[in-house]
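Subject: Structure for your review

Dear colleague,

Please find below the sequence and structure that I am handing over to you. My findings follow directly after them.

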Amino acid sequence: MTGQAAERNRSPHNLSVKTTLEEEIERAESILSRVPSVCDDTSSELQRVAALDPHGGNSRNSFQRNGAISRLVSLVVRLREWAHRSLIEEEERPDSFLERFRGPELRTAPSRISNTQPDANGNNAKGMFKKKWDLFVVSPSDNAYYRWLFVIATAVLYNWFLVVARACFDKLQVGNYICWLVLDYLSDIVYIMDTCVRLRTGFLEQGLLVKDHVKLRDSYVRTLQFKLDVLSILPTDLAYISTGIHTPQLRFNRLLRFPRMFEFFDRTETRTNYPNIFRICNLVLYILVIIHWNACIYYAISKSLGFGSDTWVFPNISKPEYSSLTRSYVYCLYWSTLTLTTIGEMPAPVRDEEYLFVVFDFLVGVLIFATIVGNVGSMIANMNATRAEFQARIDAIKHYMHFRKVSKELETRVIKWFDYLWTNKKAVDEQEVLKNLPNKLRAEIAINVHLETLKKVRIFQDCEAGLLVELVLKLRPQVFSPGDYICRKGDIGKEMYIIKEGKLAVVADDGVTQYALLTAGSCFGEISILNIKGSKMGNRRTANIRSLGYSDLFCLSKDDLMEAVTEYPDAKTVLEERGREILMKEGLLDENAESGGMQKEDTEEKVERLESSLDILQTRFSRLLSEYTHTQQRLKQRITLLERQLNHTDCGADANDDMDADAETVNETDPGPVAHTDGRGIQFSRHVIYRALALYTSSLAAPPGEEVRGETVEDSFSELKDWGFSSYSAAAFQDTTQPHELCR
């Protein structure tokens, strides 16, 4: 009875606790439902776990007293928010502004392997692996290929440094031979893998990556690199069976894989953002390798001649100070460094072999010294090339201002403007740097660099990708100093401006009262270059705009804007509507005026167009006049030559009077066109040719066959043909594209 009473006494309390718990859970569910997340399934599981209560009423009482469920729910909500933010950061969507410009990305077609289904026994894994290996091709431009070059370059450097050192320093080889065996065969495995990678390394053919394994294999086998690779992996270590494992000289063929190391250095120099520093480090590495090899050769020569046998060789290793491996290598490295840098201060050679080796070292040292001085000098010059060019520009302007006696105040403003450019890294001419890139890449770079600014400009938000490219390529950066007027009210507008960085103020005529503040992304000046019909200001500025501090602006000229929007009528309409809205807001638009816009040409534009057409016509007329003068000169020369030849013929005719009399008799009885040797005929032919030439000059502007002065050029030449000058033709006169035909 007591237990039942107690149970009855506890039941209302338990019911109240349960009701409170249900309220807490409902409140928690409402909180969870208000938090957006991609992890809805996980949150629902957490809600179900929170709703379950495997413990008794005491635990519920403790939960109610301490507010544990509320704290648990808030903790879960925070965890979900953190996971949601992390997921958004990992899977960040590309910017829509860039997506519209770039277009859809190129995707590789799915392979047939993905559609391969396992058979009834599930034994297709081997076949799938074989097919994947058959389709495996490495692109030289991939990051994976570059990382593999780092691995193979590390193996090559290991052999270049340690194999030579182990061959000369016996203590180095004997003391750690197990470690050397492991490293040697690891490098051999890397060499063999590299050969396989080279067999599957693609190359470009007509701009596409070749993936045909037969072509890749044939291309690799025909190169010198293949022969060196085969020689570098020959198993020369098998001779260890007869010579023992302490003969690392057998592995000298591993040094032949050096082209892969050079390829890694070249690609790193291309990829790094600090190429000059990398070139210096690369040069130092080459010098260290040469000094290291020279030190090893010096120790080997000393060993063959006998340690301590004379003053030039390495001291006797029986002495305690020269017995350690570290002291031996450091001494040889010191001797090699002093010799190759031509410093000297070492014991003179004694034997002939020593003299020859020292002479060879001095020659190599002179070459190394010249290489160091030349390369380091050029690298330092390249590192300071930008600064030197910028300083030259400043010096030239300073000299000009000093020569023209410019005021100190203006000179100080100019110097401060240059200091601002250099301090903020804006002294580089972007157009000059990017001039070698195609327009597509130049536009994409400009959009990526100035993305935050361009996204704020209303002109670019809704325009087509083609117009975006046109406008971005025509933007020219300009920097204004504090207090500079970008434009004044009433000035003729020829450019519009887009603010990249800085603050501009719309001020009154006094230059102090500010009406508005323009920040990054704002654009102005488009009203005066849009030629909006009905504008009371015409093509003049409607406000005074002044720079408050240093301001970076993009400038777009009127001609560039008109050229860009010619092919995009929608963008043209948007610009006009926006201009009308601004003019109506300021009360500067005459609504009764005829609707027009950028398609209507004003008088100034018509005059400019007529002037350009006139320039073209003048150029063409000058070219035609020069051709006519040259042709007329050559024609006169040929006529003079013809007269001389006919005069010579007349002199010969005077010597034979009888034949002339017979010829005159024949001419009287049978007149024909062959009497062109007569002096009278010569004069007549000259008259006809000159008359044809005059007709030709008059008929240049007349169509072929049209009469000029009552006759045509063809009539004159038909008269010439009657006199026997059949080689002349009217076509030669009519053909203006070949003036030299007039002289034939």
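The model is predicted, so local features are given only at pLDDT of at least 70 and side-chain atom pairs only at pLDDT 80 or more, while totals for chains, interfaces and linings use all residues. Residues are numbered from 1 along each chain as its sequence is written, and side-chain values use heavy atoms, with hydrogens and water left out.

The sheets

Helices (H or I, at least four residues) and strands (E, at least two) are DSSP runs, numbered from the N terminus. Two strands are said to pair if DSSP finds at least two bridges between them.

Strand β5, residues 495-501, pairs with β8 in the antiparallel sense over two bridges. Both belong to an open sheet of four strands, in the order β3-β10-β5-β8, with antiparallel pairing. Its edge strands are β3 (476-480) and β8 (523-524), each of which pairs on one side only.

A further open sheet has four strands in the order β4-β9-β6-β7, and the pairing is again antiparallel. Here the edges are β4 (485-487) and β7 (514-518), each pairing on one side only. From one strand to the next, the twist averages 30 degrees. Strand β9 (residues 544-547) runs antiparallel to β4 and is joined to it by two bridges. Within β9, Arg546 stands opposite Tyr485.

Phe480 lies in strand β3. The C-alpha atoms of Phe480 and Arg546 are separated by 9.3 Å, although the two residues are 66 apart along the chain. Is Phe480 buried or exposed? Phe480 has a relative accessible area of 13% and is therefore buried; buried means under 20%, exposed over 50% and partly exposed in between, with a 1.4 Å probe and protein chains only. Leaving out residues up to four places away in sequence, Phe480 touches Trp417, Ile486, Tyr497, Ser547, Gly549, Tyr550, Ser551 and Leu553. Contact means heavy atoms within 4.5 Å.

The helix pairs

Two packed helices are described by the angle between their axes and the distance between the axes. Axes are lines fitted to C-alpha atoms, for helices over the stretch in contact, and angles run from 0 to 180 degrees between N-to-C directions.

Helix α7 (residues 143-168) and helix α9 (residues 177-199) have axes that come within 10 Å and cross at roughly 140 degrees. This makes α7 oblique to α9; angles under 35 degrees count as roughly parallel, over 145 as roughly antiparallel, 65 to 115 as roughly perpendicular and the rest as oblique. The crossing of α7 with α9 is left-handed, a term for a near helix turned anticlockwise from the far one by less than a right angle, with clockwise giving right-handed. Residues making the contact include Trp148 and Ile152 of α7 and Trp180 and Leu183 of α9. By class, this contact has 13 nonpolar, two polar and three charged residues. Ala, Val, Leu, Ile, Met, Phe, Trp, Tyr, Cys and Pro count as nonpolar, Asp, Glu, Lys and Arg as charged, and the others, Gly among them, as polar.

Helix α7 also meets helix α13 (residues 258-271), with axes that come within 8 Å and cross at roughly 130 degrees. That angle makes α7 oblique to α13, and their crossing is left-handed. Among the α7 residues in this contact are Trp148 and Ile152, and those of α13 include Phe258 and Met261. The contact of α7 with α13 divides into 13 nonpolar, two polar and four charged residues.

Helix α15 (residues 325-340) packs against helix α16 (residues 352-383) at an angle of about 65 degrees, with the axes 8 Å apart. This makes α15 roughly perpendicular to α16. On the α15 side the contact is made by Trp335, Thr339 and Leu340, while the α16 residues include Phe357 and Gly365. Eight residues of this contact are nonpolar, two polar and one charged.

Two lysines

Lys558 is in helix α24 (residues 558-565). Its relative accessible area is 15%, so Lys558 is buried. Beyond residues up to four places away in sequence, Lys558 touches Lys494, Glu495, Ile529, Asn531 and Glu605.

Lys405 is in the loop between α17 (385-403) and α18 (408-423). At 72% relative accessibility, Lys405 counts as exposed. Most residues other than glycine have a negative phi. Lys405 is not a glycine, yet has a positive phi of about 55 degrees.

Yours sincerely
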